[in-house]
Amino acid sequence: MKDGIKRIIPKLFRRILNHIIYFMWDAVELLSRRRDELTPPCKIRKQVGPFYNVLHYKSVGKEFSLHLKNLCGLKPNERILDIGCGCGQVAAQLTEYLDNNGIYEGIDIVSSVINWCKNNISPKYPNFNFQLADIFNNSYNTKGICKASEYRFPFNNDVFDVVLLKSVFTHMLPQDMENYFSEITRVLRREGRVLITLFLSNKESLELINVDKSFLAFQYDFGKYSTINI
């Protein structure tokens, strides 16, 4: 009985403390006018990354929107698929770039961030669409009904000009990635382009990991590769 109470109280205390922190942080952002209507509150941002700082959140979104334009040659009238779109970090930056002929499709495995995007981005920009990929993940979607290795993107063949995967494969196993590569090939047009972020595991990066302990988030080590969560 006592052990049960000890486990419950700290959990409840942390939950209450988090709500207080989120409330105060959101209040500061609103008063300072740093958060606009396309930027989600702190509680939503925290679910998909360490984005307490709203300026950092926006700067990362802007950085990747520039990569899409400069590296992938994304044009305003093209169709882009954002796999692991989160709470619209990149989408928000593209709302003023894509024209009426351009289409943005975002998918993510976290229902709360998808719902936020549907309620706050899509009504203002009807060519920006968001869908839940109900895939199981120990950290982000424990009730998911599908395996990443078996998931089929909900789109027809040859429909996208550009596909983006920002911080997606760091959470996946080889068989999951193989399926995603196959699906990307299927939905991408013949002259399509792909932008994927990856961590290269070599001597230099492993030495840096030993220096910077924050990279120990790659806790699942399988010898030739490691991942953040499974």
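A salt bridge here pairs a side-chain nitrogen of Lys or Arg with a carboxyl oxygen of Asp or Glu within 4 Å. Keep in mind that this is a predicted model.

Q: How far apart are the closest N and O atoms of E183 and R186?
A: Both residues sit in helix 6, 3 residues apart, so about one helical turn separates them. E183 is buried at 7% relative accessibility, and R186 is buried too, at 12%. They form a salt bridge, and the closest N and O atoms are apart by 2.7 Å.

Q: On which side or sides of helix 6 do the buried residues lie?
A: The buried set is D176, N179, Y180, E183, I184, R186 and V187. Around the axis they cover an arc of only 160°, which means they end up on the same side of helix 6.

Q: Which strands do the buried residues of helix 6 pack against?
A: Helix 6 runs over residues 174-187. Its face turned away from the buried side carries the exposed E178 and T185. The buried residues pack against strand 1 (79-83), strand 4 (160-165) and strand 5 (188-196).

Q: How many residues apart in sequence are the parts that D161 and R189 tie together?
A: D161 and R189 form a salt bridge, with 3.1 Å between the closest N and O atoms. D161 lies in strand 4 and R189 in strand 5, so the pair ties together parts whose separation in sequence is 28 residues.

Q: Is D161 buried or exposed?
A: The cut-off for buried is under 20% relative accessible area. D161 comes in at 10% relative accessibility, so D161 counts as buried.

How values were computed
Residues numbered from 1 in each chain as written. Predicted model: local features only at pLDDT ≥ 70, side-chain atom pairs only at ≥ 80, totals over all residues. Heavy atoms only, no water. Helix = DSSP H or I, 4+ residues; strand = E, 2+ residues; numbered from the N terminus. Expected span 1.5 Å × (residues − 1). Buried < 20%, exposed > 50% of the residue type's maximum accessible area, 1.4 Å probe, protein only. Arc of directions from axis to C-beta. Contact = heavy atoms within 4.5 Å.
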